[in-house]
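Student: I would like to learn how to read a few features of a structure. Can we take them one at a time?

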Amino acid sequence: MDPNLKANQDFWKANEPASQGFSIDFKRVSYRSLRYWYVVIGILAVSLTFAWYKTRYATRIYPVSASIIIREREEISGGELLYKNAIVDPYRNYLNEPYILKSIPLIKRVVENHHFQVSFLEEGYVTSSEIYEQLPVDCEVLSAVQNGVSFGFVVLDQEHYQLGNSAEDQGGVSKFRFNDSIFFRGMSLRITRVVNRNIEKWFGRKYQLNIGLPERISESYSGRLQVSWAEQGAGVMNLSMSGPNPKKDIDFLIALVDEYQRYDLEKKNLAAERTITFINRQLDEISDSLQLVSGIMQKYNRELSVQENQGQAQLLFEKLSDLEKQKLEFDLKSKYYAYIEDYLSSTDSLNQVLLPAAMGITDPILNGLVTRMIELQATVRLNRTKSNIENPLYQNSVKQVLRTQQDILEGIRSQRATDGIRTASLKNQIQLLEKQLRLLPVTEQEKLEIRRNYTLLENLYVFLLQKRSEAAISKAANTSDIVPINSPVAGGATSPRPFQNYVIALVVGIVLPIILFVLLEILNNRVQSREDIHKYTSIPFMGGIGHNDTDLSLVVKGKPKSGISESFRALRSNLNFFVQNQTGKVFMITSSISGEGKTFTTINLASVFALSGRKTLIVGADMRRPKIFSDFGLSNDKGLSTYLSGMHRLEEVIQQTEIPNLFLVSGGPVPPNPSELLMTERLNQFKGEALSQFDYVIFDTPPLALVTDAFVISNQVDHTVFVVRQNYTSRDFLKSIQDYYAEGKLKNMSVLLNDIVKSGLGYGYGYGYQYGYSYQYGYGIRKRKSGSGYYEE
């Protein structure tokens, strides 16, 4: 073996490529994108059309925002200066306010009171849109809604309208007058005219009247409503929501703030109202007793004329009055304690309770606990819905109420024990004074007793009247702490975004076909380019042959000036380089499977050698399906099989072709044992005799993947040309050939890329020709002719 060739092979073995995993040839992807530009343009057009459709018909979404402030109390303690501390702030827990605003019961009040569950829709060509501001009618739902319903609605004239099952309903419709309460399909409604709106242009137009469930509508509004503090430490809350109808959302936020103010004021007034109710019950009881005692005293004064002991009797009376007034206050506290205990033991203890301060109880602990319970009750009551019953947060709030109630009961027991001691002391003092009264005359004692009872009841009555007046004044002076700052305003449409839609469509229209081409690249397991050969094998690359678009097999003779002919001349030069321009060399042309063009390569390569003046012999070594003789119009009566079997001599099997210096030994009749014939000493003898008469001998062998004949012949040759066909040969065959080459089973090899149809970026070649030829190896494969030459089926 030539030393230079041996060194070349050793170099490639040392630099054998690693096993290739997943990889993408982006050059080839770019080439496909440019070659199939119409696919890219088509997908881009579809993408932009979809973006236009979405921009044109998508529902516009507008943001609406407003701001409110929650005022703090004018008198605050040092601890309350801390930011919204729910523990030290007995008035309200500021942390609960966002949840209260988003609570379903509060929003449901807004929906029902302002008819937000009602909507009128106008059907368009593609979508239906709600008419809120323009329609000159309004609908009020007078009965409870069990299920969402939809009616067809038509304005007939100034006084009448029509309702049906749908906007297209021609039967089962009813005619009604505006402003009348009606009962239609199980629902009580009243549809009224809106003042100062022109109704004539709406005559005969068909609309859809939708009435939804208030709970569902409330949940929708609650989900869209966003509530947040403006900044830490501030009492300002920002309200915002987005929707397709900004005017309706503005009205909703206005109504929500109004209902929130009303709720806040109701919560404040509830304590005063309960105080007045409690005092009125006490006054009713005392009033009867006071009238009775007053009558007795007047009668007694008329019937008896008693000389009052202005000294001692008056002094005893004043002392008793003062002590009994104090005892009366403790009795009133005791009644309040009983009221609290009855309240806490009731089945519905989530209603608001009377504040202790309203009854003159100044204990800060008890006042704080009751105020805390009122706050928790308000939160629980506002969030008490069917969907929240199992909510852990709701259940935790209920548990906090129950714990606070237990603390209140404990505080009452402690207060009663303290008050009991003071009450007992007052009773002892009263008993001492009563003993002194018994020393007075009987008549004087009776008069003082009547006066004493009257004064006691009168003082209690005046005290309760004073407390009732205070509660009434407090109620009248109450104002909501919720103050609007910024009225609701709508911003510009946030969706759809035309620029964004078109940019996304443009990106998708470009990226999607690229992804398609990348998938094609990933899924294509065929050899595409010179880069694939270098990627999967370290075998030297010989060159490339273009696609043959003619019916000629012997292209170098029929079209000597064609690009394919020039490719074979370049192949001849490369082979001369491998053999150092020496003659007397043997070449083998083989491939992995049939159809890769090895026979086409053999006859044209041999022809360019012969046309250059070198005496060349083609050996049809495929004795199983010999056919190379047909390309030269010669016979197959005798050939390599008859020579190897000893039936003929070399001179007898050599046939002269029509090309000067080119000779052929065909495969000959098909023998029963081709492989065994090739393994005999006659093959080595054939080589020696052939080289003595010819400059070059070229073997055309069967495919490597089908039979082992090529491996046997490879021991007799100086260089092997392995033919792969573009977009036909599997990359797995390249890996197998690389294994043979690395193991030394095939030596002095090079790879030839045949039938190059695709050329340019990513394909390793940039020929200006349209290449290709598809030459077949038999084994039951049919050869079909097309406009681009021959190919196998």
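Student: Which residues lie nearest the centre of the second largest pocket, and how many residues line that pocket?

Tutor: A caution comes before the case: this is a predicted model. As for the general idea, rolling a probe the size of a water molecule over the atoms shows where empty space is left. Here the second largest pocket has a lining of 29 residues, and those nearest its centre are Thr59, Ser128, Ser129, Glu130 and Pro244. The space in this pocket comes to about 690 Å³.

Student: Which elements give two or more residues to the lining of the second largest pocket?

Tutor: They are H3, strand S2 (118-123), strand S3 (128-131), S10, helix H6 (214-224) and H7. H6 gives the most, with four residues. By class, the lining of the second largest pocket has ten nonpolar, eleven polar and eight charged residues.

Student: How do I read the packing of two helices, and at what angle do helix H2 and helix H3 pack?

Tutor: Two packed helices are described by the angle between their axes and the distance between the axes. Helix H2 (residues 26-35) and helix H3 (residues 37-57) pack at about 75°, and their axes are 4 Å apart. An angle of 65 to 115 degrees counts as roughly perpendicular, so H2 is roughly perpendicular to H3.

Student: Which residues of H2 and H3 meet?

Tutor: On the H2 side they are Ser33, Leu34 and Arg35; on the H3 side, Trp37, Tyr38 and Val40. Sorted by class, the contact of H2 with H3 has four nonpolar residues, one polar and one charged.

Student: Is Ser33 buried or exposed?

Tutor: The relative accessible area of Ser33 is 16%. Buried means under 20%, so Ser33 is buried. Leaving out residues up to four places away in sequence, Ser33 touches Val40, Ile514 and Phe517.

Student: What is the phi of Asn581?

Tutor: Asn581 is not a glycine either, and its phi is positive, at about 60°. Asn581 is placed in the loop between helix H15 (563-578) and strand S15 (585-591). With a relative accessible area of 57%, Asn581 is exposed.

Student: And omega: is the peptide bond from Ser495 to Pro496 cis or trans?

Tutor: The bond from Ser495 to Pro496 is cis, with omega near -5°. Pro496 lies in the loop between strand S13 (482-490) and helix H12 (498-523).

Student: What share of the contacts in the protein chain is between residues 24 or more positions apart?

Tutor: Of the contacts with a separation of 6 or more, such pairs account for 77%. The protein chain has 22 helices and 23 strands, and 45% of its 793 residues count as buried.

How values were computed
Residues are numbered from 1 along each chain as its sequence is written. This is a predicted model: local features need pLDDT of at least 70, side-chain atom pairs count only at pLDDT 80 or more; totals for chains, interfaces and linings use all residues. Side-chain values use heavy atoms; hydrogens and water are left out. Buried means under 20% relative accessible area, exposed over 50%, partly exposed in between (1.4 Å probe, protein chains only). Axes are lines fitted to C-alpha atoms, for helices over the stretch in contact, and angles run from 0 to 180 degrees between N-to-C directions. Angles under 35 degrees count as roughly parallel, over 145 as roughly antiparallel, 65 to 115 as roughly perpendicular and the rest as oblique. Contact means heavy atoms within 4.5 Å. Ala, Val, Leu, Ile, Met, Phe, Trp, Tyr, Cys and Pro count as nonpolar, Asp, Glu, Lys and Arg as charged, and the others, Gly among them, as polar. On a 1 Å grid over the protein atoms alone, a cavity is a set of points where a 1.4 Å probe fits but cannot get out, and a pocket is an open set with protein on both sides within 12 Å along at least five of seven lines; lining residues have an atom within 4 Å of a point. Grid points are joined across faces, edges and corners, and a volume is the space filled by probe spheres set on the points.
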